[in-house]
Amino acid sequence: MTLLTPLVNLSSVPESGHYGGYGKLRPDGGPADGPSPAGGPSPADDPADALTAGGDGAPAAGTVAELTRLLFDGEDRERGHGMWRDLISKDTFRHRPGLAAEERVALSYELLRLVNDTAGDAERLADDPRLLAALHEWAAIVDGGGGLCTVASIHYNLFLGSLLDHGGAAGRDLSDFTSLRRTGTFLCTELDHGNDASALETTAEPDPVTGGFVLHTPHEGAQKFMPNTSLTGGPKTAVVAARLIVEGQDEGVFLFLTPLSDENGLLPGVRVRRLPLRTGAPVDHCLTAFDRVPLPRSALLESEHGRLDADGRLHSSLGNRRKRFLRSIGRVTMGKLCMSGAAVGATRAALALAVRHGDLRQVSGPRAGERIPVNAHRPHHGRLLKGVATGYAMTFLHRSALARWAAEHAGPDTGRRAEAERLVAIAKGWITWQARDIAVECRERCGAQGLFAANGLSEFPHYIEGTITAEGDNLVIWVKAAAEMLFEHQPDRRDPEPPGGVERLADPRHLLGLLARVEAVWQDRARTALRRGPSGDPVERWNGASSAALEMVSVHARLRAAEAFLDAAAAARRPEARALLERLCLLFLLEQVGGHTGDLLADGHLSADQVRALPGFLDDVLRDLAPRMTDLVDAFDLPAPYLDAIPLTASGHTRLTDHLTSEEAADCGSER
């Protein structure tokens, strides 16, 4: 007997036949090939408004379209996502077998030029958070996309965006960069200074003779680490973070516009050494150093955070060097949104490929000679459905954080900007960590087929690893968020309602309240641990509180994701889409609350009966959603040329051998 009562009985909606009839459900939860209970409704009796398309039992295309609308910014979908979806549909983005490592690096820059041509206005792209993040969502899923996302994020966000944020559009000719006659890069992290980049040691000192500056790397540990500064991709210019030293006085870190190379090679005083290729993103990572490189006065990027007057005195609206540094590298916040977008896009693609493969992959059924899809089995589809629920939650959290940042970044600094930045950081950490886990799960569910590059799954985990570290290592940015939230954030501390009966587990808003209680529990534990720590040892004092504080941040991320999920469901125009999203969110929340039943039981927020019933509720939701799993990933709106080119999911049984080079095919004796 089912414990759940959905708002719209999803099991009464005829499925599209993805499972060949195996595992279909009656409205009471029984198998579809058996009789409905006496007096119970049958699928033919369901009056829900056009929930099926035509009379063949296929789910209404309108429901999938409504899910797509909600996932992709509603009426702004075409403006923000349409051009990038169309771009990756082109043959240029299909799998290219046999490319050597250096060819793959060069491909990243070829694809960047296609992006530039498609965008039309590079300044608008750099200055539009939604458009820029959407580029990363779509580019991350295609062959070479990891490299493309990396060089696009550096060129448009970190380089061009920094110029624009420092008044570059008004006082500089940016045409070399907007036309990609010169590619931009961003040099901040140093070999000895990664997570403590504010302590970087590259220097820029005023030159009294020329009126400009001298940029210098004082020792090997101050070499700029990893930016794409080689000659691959053509001439390059960097924005370099360096410590401004005026008459021996350290004025803090500022940015300096620095040409690195031209058509003839590296410029005098610039030294670049290639690093080994890393997994996941074919980019020309390098070590870069400067030997007293002269720069003009205009190289310094100035704004209200710091300006030099004619006498060489610094005037700043910010009171200390750390604030100046953070303002100089402010584009890192948008970079976190780009990394989140890339991880969200890769997650949705991985789920779509794995679910489609599970529909096509036939295994032995319970009767002799019977073949059924592997997706018919709960151990298989249950894991994918949990990933789908998390993928939707990731998408909606990303949308929420992006909208919040876009609003705060565009307007005056009202004091809420710090909160918006913190949400972006927390979301980036949670989203990219979830993306890695889901990508690995999807690859595993596809077995050995998932290991082949032509099937589009094997590179996702490697690329996602880069998003976890880029624009702020996840653990470090969460530690910063945790320290701030201990004192600045107030979780929901309203007196909770009594646990009630087990049926309350079917209410996602009740579960949301339980998750809020968990957040408060972990904040209290962290505060208590901090108070008890040794007052004379701040490192050990924080060590004692950090585990609880980081768990508070983790719960906060999931809470905000669930809130965004339910907000999206409430915005649905079709009742079935709303019910489907609420049921999917229920699955997500049951998973999140399930990890904290001990605390909730101990504090009286859950009853023992509810704890015992929770696994059954979770299984019921999985059963209800299984027939709609393919519809849920169809809403990800992946273009047909992308899907059709992947042997794992293509109809007509496209062969992996079709993706061999002619030389490889000859070696194997394969027919072409």
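Author: Let us begin with the aromatic rings. This is a predicted model, and it holds 9 aromatic pairs.

Reader: How is the pair of Tyr392 and Phe636 to be described: stacked, tilted or edge-to-face?

Author: One reads the distance between the ring centres together with the angle between the planes. Tyr392 and Phe636 are 5.5 Å apart, centre to centre, with 45 degrees between their planes, and the pair is tilted. Tyr392 belongs to helix α11 (residues 378-410), whereas Phe636 sits in the loop between α20 (629-634) and α21 (640-644); the pair therefore ties together parts that are 244 residues apart in sequence.

Reader: Are Tyr392 and Phe636 buried or exposed?

Author: Tyr392 is buried, and Phe636 is buried as well. A second pair is formed by Trp430 and Phe588, and this one is edge-to-face, with 6.1 Å between centres and 75 degrees between planes. Since Trp430 is in helix α12 (residues 417-445) and Phe588 in helix α17 (residues 575-594), this pair ties together parts that are 158 residues apart in sequence. Trp430 and Phe588 are both buried.

Reader: Which residues form one aromatic cluster with Tyr392?

Author: The cluster consists of Tyr392, Phe396, Phe565 and Phe636.

Reader: Let us turn to charged side chains. How many salt bridges are there?

Author: The count comes to 42 salt bridges. One of them joins Arg399 to Glu137, with the closest N and O atoms 2.6 Å apart.

Reader: Why does Arg399 count as buried?

Author: The term buried is applied under 20% relative accessible area. Arg399 counts as buried because its relative accessibility is 11%. Glu137, at 2% relative accessibility, counts as buried too.

Reader: Which residues are linked with Arg399 and Glu137 in a network of salt bridges?

Author: The network links Asp73, Glu137, Arg348 and Arg399.

Reader: How is the salt bridge between Asp250 and Arg243 to be read?

Author: The closest N and O atoms of Asp250 and Arg243 are 3.1 Å apart. Asp250 counts as partly exposed, at 23% relative accessibility, while Arg243 is buried, with a relative accessible area of 12%.

Reader: Where does Asp599 form a salt bridge, and with which residue?

Author: Asp599 forms a salt bridge with Arg525, the closest N and O atoms being 2.6 Å apart. This pair links distant parts of the chain, as Asp599 is in helix α18 (residues 597-602) and Arg525 in helix α15 (residues 508-532), 74 residues apart. Asp599 counts as buried at 19% relative accessibility, whereas Arg525 is partly exposed, with a relative accessible area of 34%.

Reader: Over the face of which residue does Arg525 lie?

Author: Arg525 lies over the face of Trp522, at 4.5 Å from the ring centre.

Reader: What confidence does the predictor give to the protein?

Author: The average pLDDT is 87, and 87% of the residues score at least 70. Over residues 1-58, however, pLDDT stays under 50, and the model has 102 contacts beyond four places in sequence for this stretch. The pLDDT is also below 50 over residues 668-672, which have 8 contacts in the model beyond near neighbours in sequence. Where pLDDT is low, the predicted coordinates should not be read in detail.

Definitions and conventions: Residues numbered from 1 in each chain as written. Predicted model: local features only at pLDDT ≥ 70, side-chain atom pairs only at ≥ 80, totals over all residues. Heavy atoms only, no water. Phe/Tyr/Trp six-rings, centres within 6.5 Å; stacked < 30°, edge-to-face > 60°. Helix = DSSP H or I, 4+ residues; strand = E, 2+ residues; numbered from the N terminus. Buried < 20%, exposed > 50% of the residue type's maximum accessible area, 1.4 Å probe, protein only. Lys NZ or Arg CZ within 6 Å of the ring centre and 35° of its normal. pLDDT = per-residue confidence, 0-100. Contact = heavy atoms within 4.5 Å. Salt bridge = Lys/Arg side-chain N within 4 Å of Asp/Glu carboxyl O.
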